[in-house]
Amino acid sequence: MLSDKSISLDHLTLGVCYYPEHWDESLWENDLERMQEHGIEVVRVFEFAWNLAEPTDGVFTFDLFDRFLELAQRKGMQVILCTPTATPPAWLTHNYPEVLNADIDGRKMNHGHRRHYNYNSPVYHRYTERIVTKLAQRYGDHPAVIGWQIDNEINCEINVFYSDSDRAAFRQYLQSHFGTLEALNTAIGATFWNQTYTDWAQVDLARPNANGTHNNPHMALLEKRFFSKSAAGYVKLQSDILRKYVGQRFITTNGLFGHLDNAEMTQTALDFITYDSYPNFAYTDWGNGFGLGPLRDRTVSWSLSQVRSISPNFGVMEQQSGANGWDFRLQAPMPKPGQLRLWTYQSIAHGADFVSYFRWRSCAFGTEIYWLGLNDYSNKPNRRLSELKKLHGELKQLAGVASSRYKADMAVAHDYLNEWDGERDKFHGPVDVASVAGIFAAAQHAHAPLDMVHIRHTNTHDTTLDELKRYRLIFYPHPTILTENTAALLKAYVQAGGILILGARTGYKDEYGRCPMFAMPGFARELCGVEVTDYTLTRADEPEVTVVWDGEPVSAPIFHDILMPVEGGEALACFTGGYYDGACALAVKRYPGGGAAYYWGGGFGEDTGLLFLRKLGFAQPYADVLDVPKSVELSVREKAGVRYYFLLNYGMEEAAFTLRQELTDGVSGQAVKGKQALEPYGVRVLKM
């Protein structure tokens, strides 16, 4: 069982990101005092300040750090101190250009942005170890410092690495993993297109070729596993140093980014994970399958579910407080009145006990001049600060929410191998992205709280049956890579009474992305009692093929598996239309004790997800307590028999809802029942 990598607080706590190096020292004291007036107890500092501590190679000066931390201690402000490795100083990158990352063509990145280093440079390791050790020795037991953040946003913006150091480390990684070239050649199907290696010196990361990337898909998957291992190892390098000096102070990092097993990183190096939440990014189409639409900033709730799958109680290190954009790129508008409060509650509703805003004051210079904060450039009072002060008063009444746990009876299963393989493989990646979006939308509109659960088989952890048994229903939409170990775990889950739903494109690949010669869906065949006899990508220029289940038509978007029940499987629904009209589209294998494994021969639209939830009894699980409209999100947290219902209205219109049982308003303490209303962007926290 995974250890509980959770933040531990006795009350809901607010913080802010602050950059004392950006402001005249005469502002510091007033800034801290005004923070405290608005309920802020914690500041995060110095994540980009390496040159302030080491202005030249081997020359250290901590005067600015010392003065700020002394002031914070005197003012009673708590501090999260960061290791400043996300932006190496110019003297380091100039003197040692091998620390820089490179693109696939081998062109080194230049100094002047951030995250332009690589994780495998021995030189960068040496300088990282030195600066982290110096900071930890000086401030490890500082009374104002309550915790440490490693680096900043690991793998953000850049999550591929092609420096000479990375190429050498990749060969070492493969040698350690496979032992022999013969084993590597077998794993990557090297006989195709004469790709057989005869010397380890021939092995490399991706290089330019006709496709601009790896011709070998199996090596491409190994490359992403290597990127993840490199990033997690770099975080552990720092945390191992900090552990020697910081005592019981926590160690974390912030954000969830690509080509990184964030669960593995947290398990091996951190006390818990924190997230950077920018809901207005949902107004920009990031190509993640959620995009624009009626859910918009509610899609961050799915991101927060991913964070919660790693740390059931977590922190938000950067919570959006203003408009977002760099000096050359506008990304999001200003929060409307009420949205700062709404987004804070959104984070709390999903398990955040600590919320830190980005940033205290909008920066007057540099790349982030349009990444606005709580204070405008003028430093005068504004509506966002007024909203924060009101929110602080409410959170004092909700202190009991801290350490309560998000309550969900169903989850979406996730694994990194399928995620990484699906980035390249357009035969299954887009199906999974769209299906997760459909299932999430269905759960949101059915007011059925939804978790994510990781399926992991790593050096440090195998997902256990107990982890799955926390949920009565698990969607595992399209596990194209389905190993025998995972199939055995899923079978144990349904044998224990769980309900499992798999979708098209399941089980036809092994852990290296190869397609073995066995009947599809591979190890899911016996599990679900079904065989795939044919399959096809759907086409927009052809008549839509639907599925009819008990007389009810429903979509099966993007891809279709044509099914045949076998080994105890039972057909439940058929395709209508196309050359496979009348063929089986949904099958189930039932197990003693109420367990069942469903195989759905398509992608999951919102209507598909809703149909499953209704038929299996998971829609509107709290209908006996309250009735809320689709525009309102319902999240539930629970502790010691006390249940907290969070109602969040993301709409621009007032939303009416009804309480069918008497509940207590978490802020006012008054008993409430019957018809109620939520103002635009309004929030209510009710408990029973």
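**Figure 1. Buried residues in the protein chain.** Of the 688 residues in this predicted model, 60% are buried, where buried means under 20% relative accessible area, exposed over 50%, and partly exposed in between (1.4 Å probe, protein chains only). The chain exposes about 26100 Å², and carbon and sulfur atoms supply 51% of that area; accessible areas come from the Shrake-Rupley method with a 1.4 Å probe, and for residues only the protein chains shown count as cover.

**Figure 2. The whole fold, for orientation.** Here you can find 18 helices and 28 strands; helices (H or I, at least four residues) and strands (E, at least two) are DSSP runs, numbered from the N terminus. The radius of gyration is 26 Å, close to the 26 Å that the globule rule gives for 688 residues, so the protein chain is as compact as a globular protein of that length. That radius is taken over C-alpha atoms, and the rule is 2.2 Å times the number of residues to the power 0.38. Along its principal axes, the C-alpha trace spans about 75 × 75 × 45 Å. Among contacts (heavy atoms within 4.5 Å) between residues at least 6 apart in sequence, 74% join residues at least 24 apart.

**Figure 3. A look at helix α14.** Helix α14 is mostly covered, with 13 of its 17 residues buried. After α14 comes His447, whose phi is positive, near 50 degrees.

**Figure 4. Asp451 and its surroundings.** Look for Asp451 in strand β13, residues 450-454. Asp451 is buried, at a relative accessible area of 7%. Setting aside neighbours within four places in sequence, the residues in contact with Asp451 include Trp302, Arg308, Tyr406 and Arg470.

**Figure 5. Phe227 in helix α8.** Helix α8 runs over residues 217-243 and holds Phe227, a buried residue with a relative accessible area of 1%. Beyond neighbours within four places in sequence, Phe227 is in contact with Asn159, Val160, Phe161, Tyr162, Leu205 and His259. The C-alpha atoms of Phe227 and Gly578, 351 residues apart along the chain, are separated by 43 Å.

**Notes for all views.** Residues are numbered from 1 along each chain as its sequence is written, and side-chain values use heavy atoms, with hydrogens and water left out. In this predicted model, local features need pLDDT of at least 70 and side-chain atom pairs count only at pLDDT 80 or more, while totals for chains, interfaces and linings use all residues.
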